[in-house]
Amino acid sequence: MVELFIAILLISFCIAIMLVVRLYSLRGTPGAFGLLLSNIAMAVWILGYIFEMIDPDLSQKIFWAKLQYLGIATLPVWFLLFAITYQERSAQFRPIRLALLLGIPVATISTVFSNETIGWMWPVIELQPGWVIAPLQITHSWWFWLHTGYSYLALLAATLLLIRSARNSPRVFAPQSMLMLGGMLIPWLSNIVFLAGIKVGPNLDLTPLGFTLTNLLVVIGFLRYRIFDLLPVAYASIFESMSDGVIVVDNQGRIVQANAAALEIFKTQHELGMGSSLPQILPHLPPPPNEADITALPAKEVSIGSGKSSRTYILRTTKLQEKGSQVSGYVVILTDITVLKYAQDQMRLQVMALNTAGNGIVITNHEGQIAWVNRAFCELTGYQADEVIGKNPSLLKSGLLPTEYYQQLWQTILTGSTWHGEISNRRKDGSIYIEEMTVTPFSQSPGTITHFIAIKQDITERKRAEERLIQAHNEAMEANRLKTQLLANISHDIRSPLGAVIGYSEMLSAGTFGEITPKQAGAIDEITNSANQLLVFVNNLIGHAQIETGRISMVNRTIHLDELTESAFAPIKLAAKKKGLLLLREIRHDLPPKLTGDPYWIRQIMINLLSNAEKFTEHGCIKLQVYRKDAASWAFEVIDTGIGIAPEDQGAIFEPFQQANLAQIRAIGSGLGLSIVRELTAQMGGEVEIESQPGQGSTFRIVLPMNKQVTE
Amino acid sequence: MNYQTLPLNSLAMVIEDNPQLSYIFTQSLSAAGYSVTSIANGQEAINKLESIQPILVILDIQLPGASGCKVLDFIRNSTVLKYTWVIVATSEPNMAVTMHQSADLVLIKPVSYIQLRDLAVRFRKTVK
């Protein structure tokens, strides 16, 4: 039994020695030194206890018992030292504090070693009767109880410190703290056993075993989570490599430490020397907070540097303060937000631009849900942004368009193309509007379409205006058609009686109704002439109407130039005769024997040119000559010796209802003649040429192609 | 030239509903030496054409009964009228374009008394 106990004690001793060796290498870590000393104390205690038991001699036993107290008296202090340094995360411990803590243990050791003289510790020391190997049988005096009380006080303090440490420590430290706390409870259990008066064998003391376990658990906890080995290094490394500038100042504002980023920030500004005053360097620094419960000040935006090198930072200040103690300083963190701020400004600008745009803008995601809309969209549709975001744009559907229309839209944009078209939609209030929409797919990651942007413009008014315009146009066209129809009807209706007038006049002239007197013949000529003039006018009217409506048709037949030119002179014969104008007609022989064209409309051109010539010629002659112009064309021209036309007026005379220099013109005319000449000539593929000078007469030349096939 | 001297053995027909024009055409052809029948109705003309068998027809287009086009078709499809010469007299210049394929001559109204008389005479000479 005792031998087994000794064996366990030996194991405990070995454990203590091992822990001493292990902890020695970590002695710079906060808490390690306290643990190291506690294990040395433990080893001394166990060794002393073993020799106390196995040494047979009483005086030797007493020596070993005294030696043990080097460990027993100091062990709680070493635990407390460990707990304090561990909790403060500091390897340093001020010697004065240590000296104070060691006062009573040193006194205890002195009392133990001077026991024979003063007897405050052990008044009676005897061998245990009946046991060869056993500890001494000892009665205790008052100093022993003082020492024991002090020891438990120290242990209690250490335990409480560890509990507090466990409570304050980050989550990663929690298992470590729990393990250590578990270790610290063991001495209290041993104490309970002792107080309960339970005796094992020859009054064996289990306390060293309990403390050994305590030591073991605490050290395991300490070693297993060697975060404190890494943390100082890690902290230092993080501190230096942080992209944020970090400056530690004391409570007087003096710089204690600054990391590389902070030095870089102030490089161009000031020397950021240790001990210099931060408020001088950084006037923006907010005054330190007075309220004890505020640990961090509100972040503040500051600009450092000037001009182009000016950069913007977020400045955060955190108090350095232990719980319940005075503020010892501040940590000032400067985060560079220049780029972020620029991007933010840009984004704000873009959002503002999109929002103030006159067109409605909708951004839709790939699933067809609305992600963003601008103000103009809300105005256009009557919906608020939060009413449509997350919804499908189909909520605007009017139901007036076929499904295929939308399918085609989606097909277009899903293949990456832009869709453009008109859509009729329904507003929130149910009213229908028409919009012109352009939908363009875009992507936030290359290769895939992530969003679509739709730009909408309300074209309801434009569409209505277009419809009104189309209607007005149709009405105008209809009115024009009716006018043309009217002209055609009138000209037809005039033609028949005109035919009768001309026919009867001719019959009278021809003597069908008997012989006539010269005076009667003159009257008949006047009737015939007037009727012919009226006929030219009616033909021009119907020609104009047909040209205007594009309903004119041309035949291609053999032209009998002799007959054609002869009949073309008929309407002006009488008038020319009265003015004494010479009428000349020349058909040159270089023309092909079979000339083709539309005789009716060619005659109409000739009549118009001859009538014009007659109107504007008072003296001289009017000549119609027909000739071959070149291999592919022939021409006829009407030459007069009339008033002529100024070059600047020559363009205008071909417009309908225009006459050059109206003030000079005495003669009447519909103003249709030359416009019809130009139109008819163009229909025949020919050209009108004019040569004229005021007072020098005019020549109108019609050049017509000869390449047409005879269809007669 | 004295047109009255021409032999009166040639039959002509004037198909025209306007009485004044019908009279002028009739006078014009008579002066050219034809024996003229004038009819004012298209259908009536169709009924009588084959029995009369004129060598020259002056044909209006806008006619009651049957249109001038129908009358012309009838003439062109009749074997007994295959030598009949047809002059279409229309007041619509565009009609000339469509008619001139099947008509021998298209005249745009108003048709001159003298022009028609001279044409008829020229045709008589050709036939001779």
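1. Chain A has a mean pLDDT of 82, and 89% of its residues reach 70 or more; pLDDT is the predictor's confidence in each residue, from 0 to 100. Helices (H or I, at least four residues) and strands (E, at least two) are DSSP runs, numbered from the N terminus.

2. This is a predicted model, in which local features need pLDDT of at least 70 and side-chain atom pairs count only at pLDDT 80 or more, while totals for chains, interfaces and linings use all residues. Residues are numbered from 1 along each chain as its sequence is written, chains are lettered from A and ligands numbered from 1 in the order in which they are written, and side-chain values use heavy atoms, with hydrogens and water left out.

3. Over residues 659-669 of chain A, pLDDT stays under 50, and the model has 14 contacts (heavy atoms within 4.5 Å) beyond four places in sequence for them. Where pLDDT is low, the predicted coordinates should not be read in detail.

4. Helix H2 of chain A (residues 32-54) has 23 residues.

5. A:Thr214 lies in helix H8 (residues 207-224) of chain A and is buried, with a relative accessible area of 0%. Beyond its neighbours within four places in sequence, A:Thr214 contacts A:Phe79, A:Gly183, A:Met184, A:Ile186 and A:Pro187.

Conventions
Expected span 1.5 Å × (residues − 1). Buried < 20%, exposed > 50% of the residue type's maximum accessible area, 1.4 Å probe, protein only.
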